[in-house]
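Please view the sequence and the model together, then read the points below by topic.

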Amino acid sequence: MDVTVIIVNWNTKKLLQDCLESIYKFTKGISFEVIVVDNASEDGSQTMVRQKFPQVKLIQNKNNAGFATANNQGIREAKGKYIFLLNSDAYLIENSLKELIEIADSNKDLGVLCPLLLNVDKSIQQSVGFSPNLWRVFLWMTFIDDLPFGYLLKPFHVDHNAFYKNPQEIDWASGAAILIPKTVIKKAGLLDEKIFMYGEDVEWCYRIKVSGFSNYFSPKTKIIHIGRGSSGKIAKNAFLGEYIGLIYFYKKHRGVISLQLLLVFLKIGALARIFIFSILGRKELAKVYEEAFKVAG
């Protein structure tokens, strides 16, 4: 088996159906299996999978176990040489799995490989970055890495389209669509199940690099990622989740002094955003960062 595709689903029946249809439509020339881990959906997702895709292995959870835990369930059942995590709100537009495997086979030190993610309008979706050390967090919180050519600073979030034109070595990639050799997971470990959602990909990619592997981005193949499919109005959860995820990362992988400095930088960033969004009249976002300030408190 070349690859196991693992899709975690929570109340995204239509998106999940589109995702699965795209996999079976475009994937050619390799052997693969698909595992759907459903986190207690109430929208008929499970019935849809059983009826329309009987070849899919369906794992049905009795509650919402979270992104990390559900993916780990799939990984434990996987038979593929490679594991491909794919969000239910993403879909293929070409034979991406075969392309990614060919790239992976030519990189013996490969830990994580991610394709170019596109928004529905085919614009580039920023989806990779570099390890969140204090310098990079400071650049992010103070908007310095948003300046032209800020990608040359190797920021935590690469938000510059120019970076995505060429293959690059990176530190982390969005868990929306990533390929990982199963042997790498055996050495680096599974996703951290203490992280319910947001930040688990950054932490996992960090452990994979520490284990001696290299993480790569390739624009050679493209996948559409709608984003926010299962969470609806997600901005608040995403922003707060990222703060919480970073604090957890520092507690796990950094010392006390680094953690205290991180909290200072996060507070500075939250205050700056409260001020800016208040001036712009975006009260909802300002309130989100008021909560983020408290998280960093």
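This is a predicted model: local features need pLDDT of at least 70, side-chain atom pairs count only at pLDDT 80 or more; totals for chains, interfaces and linings use all residues.

Two strands are said to pair if DSSP finds at least two bridges between them. Strands β1 and β4 (residues 82–86) meet this condition, pairing in the parallel sense over four bridges.

- Seven of the seven residues of strand β1 (residues 3–9) are buried, so the strand is largely enclosed by the rest of the structure.
- Both faces of β1 are covered: one side carries the buried residues V3, V5, I7 and N9, and the other carries T4, I6 and V8, which are buried as well.
- Strand β2 (residues 32–39) also pairs with β1 in the parallel sense, over seven bridges.
- Within β2, the residue opposite V3 is F32.
- On β4, I83 is the bridge partner of T4.
- A right-handed β-α-β unit is made by β1, helix α1 (residues 13–26) and β2.

**Helix α5**

- Six of the eight residues of helix α5 (residues 134–141) are buried, and the helix is mostly covered.
- The buried residues in α5 are L134, R136, V137, L139, W140 and M141.
- After α5 comes F143, with a positive phi near 70 degrees.

**Aromatic rings**

- A pair of aromatic rings is described by the distance of the centres and the angle of the planes.
- Counting rings whose centres lie within 6.5 Å, the model has 16 aromatic pairs.
- In one of these pairs, the rings of F130 and F163 have centres 6.0 Å apart and planes at 85 degrees, so the pair is edge-to-face.
- F130 lies in the loop between β7 (128–129) and α5, while F163 lies in the loop between α5 and β8 (168–170), so the pair ties together parts that are 33 residues apart in sequence.
- F130 is buried, with a relative accessible area of 5%, and F163 counts as buried at 5% relative accessibility.
- A cluster linked by ring pairs contains F130, F149, Y151, F163, Y164 and F217.
- The ring of Y250 has the charged end of R254 over it, 5.7 Å from the ring centre.

- N11 is not a glycine, yet it has a positive phi of about 60 degrees.
- N11 is placed in the loop between β1 and α1, and this residue is partly exposed, with a relative accessible area of 29%.
- K122, a residue other than glycine, likewise has a positive phi, near 75 degrees.
- K122 is found in the loop between β6 (110–118) and β7.

**Cysteines**

- A disulfide requires a pair of cysteine sulfur atoms within 2.5 Å, and the count of disulfides comes to zero.
- C19 is in no disulfide, and its nearest cysteine sulfur, that of C114, is 17 Å away.
- C19 is buried, with a relative accessible area of 0%.
- For C114, the closest cysteine sulfur is in C205, at 8.2 Å, which is too far for a bond.
- C114 is buried too, with a relative accessible area of 3%.

Conventions: Residues are numbered from 1 along each chain as its sequence is written. Side-chain values use heavy atoms; hydrogens and water are left out. Buried means under 20% relative accessible area, exposed over 50%, partly exposed in between (1.4 Å probe, protein chains only). Helices (H or I, at least four residues) and strands (E, at least two) are DSSP runs, numbered from the N terminus. A crossover is right-handed if, with the strands pointing away from the viewer, the path from the first strand over the helix to the second runs clockwise. Rings of Phe, Tyr and Trp (its six-membered ring) pair if their centres lie within 6.5 Å; planes under 30 degrees apart count as stacked, over 60 as edge-to-face and the rest as tilted. A charge sits over a ring if NZ of Lys or CZ of Arg is within 6 Å of the ring centre and within 35 degrees of the ring normal.
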